[in-house]
Amino acid sequence: MATGIRDKVAIIGMGCTKFGERWEVGAEQLIVEALEEALQDAGIDRKEIQAAWLGTCMEEINVGKSALPLSLTLRLPKIPVTRVENFCATGTEAFRGACYAVASGAYDIALALGVEKLKDIGYGGLPNWGASAGSLTWQWMPNITAPGAFAQLATAYAAKHGIPDQDLKRAMAHVSAKSHANAVKNPKAHLRKAVTIDQVMAAPIVAYPLGLFDCCGVSDGAACAIVTTPDIARGLGKKDFVSVKAMQLALSSGEEMGFNQWEADHFITTEKCSRMAYQEAGIQNPRQEISMMEVHDCFSITELVTMEDLHICEPGKAIQDILDGFFDLDGTIPCQPDGGLKCFGHPIGASGLRMLYEMYLQLLGRAGERQIKDPRFGLTHNLGGMPYMNISSVTIVGRYGD
Amino acid sequence: MIGIVSFGGYIPKLRLDRMSIYQQMGWLMPATVMVAQGERSVCNWDEDSLTMAVSASMDCLEGIDKNDIDALFLASTTLPFSDRSNAGIVATALNLRADIQTADYAASLKAGTTALLAALERAKGGKTTLVTASDNRQARAGSFYEMWFGDGAASLLVGEGAVIAEFEGAYSLSYDFVSHYRGSGMRFDYTWEERWIRDEGYAKFIPEAINGLLQRMGIGIEQVDRFIYPCFFKREHVSIGRSMGIPAEKIADNLHEACGETGSAHPLVMLVLALQNAKPGERLVICSFGQGCDALSFRVTEHLQQLPPRLGIQGSLENKRKLDNYLKFLKFRDLIDAEVGIRAEAPDQTALTTLWRNRKMILGLVGGKCTQCGTPQFPKAEICVNPECGAFHSQEEYEFANRAASIKSFTGDMLAVSQDPPAIYGMVQFEGGGRLMADFTDCTLEELKVGMPVKMVFRRHYVDKKRGFTAYFWKATPLQVAEEPQKETAEEIRFDGQVAIVTGAGGGLGRIYALELARRGAKVVVNDLGGSPDGSGASSSPAESVVQEIIQFGGTAIPNFDSVASPQGAQNLVDTTMQAFGRIDILINNAGILRDKSFTKMSPDMWHAVLDVHLNGAFYVTHPVFQIMRQQGYGRIVFTTSAAGLFGNFGQANYAAAKMGILGLMNTLKIEGEKYNIKLNTVAPLAATRLTQDVLPNDLLDQLKPEFVAPLVLYLCSDKCTQSGLILNAGMGYYGRAAIVSGDGIWISKGGRVPTLAEVHRHWQEIERLEPYKTYPDANTALMDMLTPKQGAQEAAPRPQEAPAAQASVASVFQRLPQAFQPQAAAGLSLVFQFSLSGTQGGEWHAIIQNQECTVQEGKHPNPTTTIKMSAEDFLEYVSGKLNAMQAYSSGRLKIEGDLMKSQLIGKLFKF
């Protein structure tokens with residue numbers, strides 16, 4: 001019976017570029033910028049990397065297909081490199097590949113690197129799929145955008161729980177205002193400006209009921225992790241290093257889209273995925289044991305309903321916790337201490353690794369102004385796809401042996 | 001027996017008011033106003049002739065077993081594909097059998113009837129054919145054809161057996177008469193002169209075809225109950241029939257005002273509408289027009305009544321939504337090159353292999369149903385979606401298009417590329433199982449709610465302009481009834497138990513007033529002399545027929561034929577009313593005649609005749625009625641004036657004078673009637689009536705229906721109306737107030753010096769300036785106001801007739817008294833005013849004025865200088881400027897004790 005990879009993988013180095021509209025650089029510069037930080041952190045040489053995983057999603061406007069963009073850019077010496085893609089959960093997929101590589105004993109040191117150069121599209125938001133969404137999908141699905149897909153969570157959630165639209169909108173605004181406040185303390189964040197709840201609520205509508213400030217930034221950026229086994233980490237002189245406690249992934253079976261059971265208001269994948277992760281990490285009561293979180297707040301409503309799917313809040317009760325400040329930086333479980341997708345930004349392939357980067361910094365006490373006091377378990381939740389069909393991943397990290 | 005087995009219709013929900021076309025494009029083509037009546041139907045941006053054809057066909061197949069259909073004929077001149085069977089697309093969308101014949105009938109406006117004839121031929125061999133005609137008509141912006149054309153579709157199921165309309169015979173003509181043509185690859189028609197088309201085309205071929213048919217059948221015009229043929233010239237359409245000896249009531253309307261000319265579909269559209277209103281046994285003759293004609297005769301059978309309910313053309317016409325924006329209309333029809341953004345450049349090639357494999361799913365909305373667990377699902381899949389089941393290859397075909405569905409989630413997306421942002425889409429869930437993420441159409445974001453019922457409609461999914469490919473799929477649209485005027489329920493204003501006199505009620509405005517009053521419970525005396533518009537002659541029929549109409553819907557009314565232009569006639573009208581109903585609550589002075597002549601040619605007879613009916617008539621009737629209302633302590637009187645009087649009109653000196661005379665009558669009666677709760681107001685109708693039909697351009701007449709004036713007039717007649725003395729313009733849904741106003745004017749000289757002529761000349765601008773203007777409740781107030789020198793000339797802002805204080809309470813007036821105090825007028829004064837007010841709001845207040853300050857206290861002062869005694873209501877009127885203090889004193893409504901002279905200071909010390 002499989003028991004997962006709890007404490008089988010050590011993170012010895014991480015790097016993350018500044019996210020944002022990086023007009024001046026391409027994917028090549030972003031990759032190198034992230035890697036240099038990680039190598040320095042790990043104290044190893046580029047040539048000590050034995051295998052690598054590249055995560056990038058929108059290859060059409062980015063680096064192109066295959067893993068060659070990583071091996072060529074880093075001049076990796078003829079080692080195995082794999083490209084992974086799983087929508088917005090791509091970054092976590094790269095990390096998963098690297099972790100399994102060292103946990104299995106196949107390699108000693110592996111690299112996971114996620115990169116996305118989005119601001120070469122020519123217009124705001126993510127690229128429009130059109131016929132490239134698949135020759136059949138294109139012929140019948142609406143021309144859905146990400147805000148339009150996630151906005152429906154709000155109409156369905158409000159209808160299911162009988163919540164007045166305005167009350168939900170206010171709680172969503174609190175989610176965004178909190179992330180903006182956190183990002184002010186993060187020099188690498190894309191959007192570093194505090195906003196008030198009233199400003200959020202008054203912003204122009206992007207997809208009803210989501211306004212501009214309910215949507216995350218569309219950014220360029222890269223992030224990476226160098227992983228190894230705990231033994232090798234110790235051999236490299238690492239003490240109190242960070243290790244992976246749990247790593248779970250769940251994909252839709254299509255029942256959200258096709259079977260009349262899902263209420264269109266939450267993520268049945270996340271609900272299952274997080275349960276599995278808590279079990280793998282040995283966590284009995286997440287609301288008491290999780291110290292901090294980086295969740296996939298592509299939209300404010302996503303973060304709101306995810307608090308319930310992660311079993312932190314009771315169904316229908318997230319609004320209360322949010323308004324009570326439970327997830328604020330000085331709250332019980334700070335959520336998005338680095339500003340989240342909302343303000344750190346969302347270069348798709350890099351986001352899952354960026355979330356881990358923040359948990360890693362917090363666990364090592366390196367988070368500067370936004371440092372959370374004595375965190376024990378940090379949780380990341382990286383989501384790909386749409387509420388009606390998606391890829392949900394939950395990763396839990398902590399100090400090795402804890 | 002062969003003939004029509006079933007019918008269906010579809011007119012797009014969007015309607016464009018033709019006046020809104022004219023407002024935008026009339027500068028270019030002023031003459032288009034001649035045809036700018038009513039509204040035209042407009043395809044939404046995701047509709048075309050094919051989608052309309054599917055909707056009409058689905059309507060037709062209501063209650064029909066689709067397996068009985070052997071062929072589908074599609075007629076249209078605006079098909080999306082030149083080489084791909086368009087009928088085949090419709091057949092797939094309807095999920096018809098594959099072993100059927102499909103054919104497109106195109107290239108002529110008579111294609112619809114030609115397809116119908118072909119289907120009837122097949123019926124003789126026992127075959128069942130679905131004939132659908134549809135057109136999405138294209139015309140250049142600002143053209144007559146943009147006005148005339150409309151979009152729509154009709155569908156007929158043709159076969160043998162239990163037909164609802166039996167086919168009796170046909171007669172066809174083929175002439176290469178090129179009224180217009182559209183060369184291959186061209187977007188718009190090229191059209192020859194309309195007069196030629198009208199006189200040499202429509203007016204000749206349609207009679208030739210219909211006469212040919214009747215002759216062939218050996219029957220006469222009188223044996224036909226309805227003649228159905230197109231002709232977008234409204235007047236010519238009727239005269240074609242008349243020229244053949246067809247009575248006007250047998251000629252089916254050409255639907256110009258309702259939707260416009262729908263091309264090859266139009267004869268069928270008109271036929272479907274006729275069938276929806278037909279009775280068994282009736283004979284309908286239908287004739288098309290387009291390089292000749294096809295004329296066909298049908299006799300309606302008893303089976304018509306067994307047809308399940310459907311929208312048809314009638315239901316489609318009722319189910320409408322106004323397209324409020326002409327530019328949207330242009331954009332939807334791709335007549336302007338509007339910005340779409342780079343986002344719209346996403347790849348748009350259609351994989352035809354994928355379309356072929358999934359044709360039933362995409363075009364037919366056919367999903368699957370698991371034979372193991374019974375779960376319907378879309379799309380049909382190899383493995384059942386039910387997580388508890390998961391059976392392999394277990395699904396049979398399952399149609400979703402007609403299933404009841406509702407909204408599970410939705411959004412309005414401003415980011416997504418859309419022809420009409422926001423892009424509205426969401427999860428649609430079917431009753432009995434199955435759901436899909438779908439676009440929404442024919443709706444606004446505001447009207448959507450989770451749980452709302454929707455139905456699926458076949459629409460364009462995208463258009464690949466580069467390759468000329470139109471892709472179709474299904475969208476959801478909210479299920480709702482036609483946008484009807486809000487039903488009057490709790491707020492309904494009724495006249496139960498009230499008695500109303502309407503003069504001149506035999507036709508036009510008066511008739512509508514009488515009908516609407518009776519409908520709302522009033523007992524109505526319908527007065528009409530029955531004369532011609534110039535007042536000569538008398539007949540009793542108009543008043544009697546209105547009374548008959550009222551009695552038919554269960555109302556109460558009596559006719560009266562007296563002339564209001566004589567005191568005896570008017571008295572007789574009032575006596576008749578009192579004898580019949582015992583009271584009079586409402587009087588509408590509506591009777592009138594015209595004797596128009598330019599002033600130099602106007603004889604005294606013409607002057608007197610008009611004044612006798614309008615002005616003297618109003619006096620003769622109102623005089624006895626006013627006394628009765630006074631005794632009752634209740635009455636509502638509406639006078640009728642006219643823009644001709646208010647603003648002047650050539651050739652109507654008599655009429656204009658009479659109409660302004662009525663205002664003088666009202667102005668005085670409003671004062672005299674106030675105490676007795678008699679409210680009098682005057683309406684200036686903008687309506688087409690017997691009086692105006694010779695004056696106004698014919699094409700505007702239809703927009704000036706008396707029905708639009710009546711709501712305002714009825715409101716003025718109700719107890720909800722508590723205002724008196726207003727003049728109100730009303731017509732076409734517009735209501736607004738007209739008034740006699742006075743400009744601010746200027747004091748050229750003060751202190752008794754007579755101004756010079758030069759001063760008048762110098763100050764002419766200020767003298768004739770109207771802004772800021774004022775209205776006055778009566779002459780005294782006006783004189784007092786004008787002759788009191790103002791402190792600052794610009795000070796007097798436009799003020800409504802009812803000053804705010806009129807609604808205020810007495811207590812609040814006293815609260816505000818210190819603010820109204822004028823310290824500069826109080827220099828050296830020391831006095832106390834005691835106010836003793838009677839009535840429900842009454843009480844004691846006193847104002848102490850000392851050291852140029854004013855303090856107000858409730859209660860009695862032990863030693864007041866002057867005591868003012870009046871009713872609280874009078875006091876409020878006094879402070880609002882409605883009651884003159886001197887008048888009140890002399891009439892006894894105001895009593896003053898103590899220092900009488902000091903009371904005169906009040907007006908100077910307080911400016912309310």
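**Sheets and a helix pair in chain B**

B:T867 stands opposite B:E897 in strand 37 of chain B. The model is predicted. Strand 36 and strand 37 of chain B run antiparallel and are joined by 4 bridges. Strand 36 (residues 866-871) of chain B also pairs with strand 33 (residues 831-838) of chain B, here in the parallel sense and over 6 bridges. Two partners can be named from this parallel pairing. B:S836 has B:K869 in strand 36 of chain B as its bridge partner. For B:L837, the bridge partner in strand 36 of chain B is B:M870.

These pairings belong to an open sheet of 5 strands in chain B, ordered 35-34-33-36-37. Its pairing is mixed. Strand 35 (853-858) and strand 37 (895-898) of chain B are the edge strands, and each pairs on one side only. On average, neighbouring strands of this sheet are turned by 20 degrees against each other, direction ignored. Two helices pack on the sheet. Helix 24 (residues 810-820) of chain B touches strand 33, strand 34 (843-850) and strand 35 of chain B. The direction of helix 24 makes about 155 degrees with that of strand 35 of chain B. Helix 25 (residues 872-879) of chain B touches strand 33 and strand 36 of chain B. Its direction makes about 105 degrees with that of strand 36 of chain B.

Another open sheet of chain B is formed by 9 strands, in the order 5-4-6-7-1-8-13-12-11. Here too the pairing is mixed. Strand 5 (101-105) and strand 11 (226-228) of chain B each have a single partner strand, so one side of each is left without a neighbour in the sheet. Neighbouring strands are turned by 25 degrees against each other on average, direction ignored. Within this sheet, strand 1 (residues 2-10) and strand 7 (residues 152-160) of chain B pair in the antiparallel sense over 8 bridges. B:G8 has B:S155 in strand 7 of chain B as its bridge partner. Helix 2 (residues 49-60) of chain B packs on the sheet. Its contacts are with strand 1, strand 4 (71-75), strand 6 (129-135) and strand 7 of chain B. The direction of helix 2 makes about 125 degrees with that of strand 1 of chain B. Helix 3 (residues 86-93) of chain B lies across strand 4, strand 5 and strand 6 of chain B. Helix 3 runs at about 125 degrees to strand 4 of chain B.

A helix pair was also examined. The axes of helix 13 (residues 508-519) and helix 14 (residues 541-552) of chain B come within 10 Å and cross at roughly 25 degrees. Because this angle is under 35 degrees, helix 13 of chain B is roughly parallel to helix 14 of chain B. The crossing is right-handed. From helix 13 of chain B, B:R511, B:A514, B:L515 and B:A518 take part in the contact. They meet B:V546, B:E549 and B:I550 in helix 14 of chain B. By class, the contact has 5 nonpolar, no polar and 2 charged residues.

These elements sit within a chain of 912 residues, of which 44% count as buried. Chain B holds 28 helices and 37 strands. Its C-alpha trace spans about 110 × 75 × 60 Å along the principal axes. Among contacts in chain B with a separation of 6 or more, 71% are between residues 24 or more positions apart.

Note on methods. Residues numbered from 1 in each chain as written. Chains lettered and ligands numbered in written order. Predicted model: local features only at pLDDT ≥ 70, side-chain atom pairs only at ≥ 80, totals over all residues. Axes fitted to C-alpha atoms, helices over the stretch in contact; angles between N-to-C directions. Parallel < 35°, antiparallel > 145°, perpendicular 65-115°, else oblique. Left-handed = near helix turned anticlockwise from the far one by under 90°. Contact = placed C-beta atoms within 7 Å. Nonpolar A, V, L, I, M, F, W, Y, C, P; charged D, E, K, R; others polar. Buried ≥ 20, exposed ≤ 12 C-beta atoms within 10 Å, placed from the backbone. Pairing = 2+ DSSP bridges.
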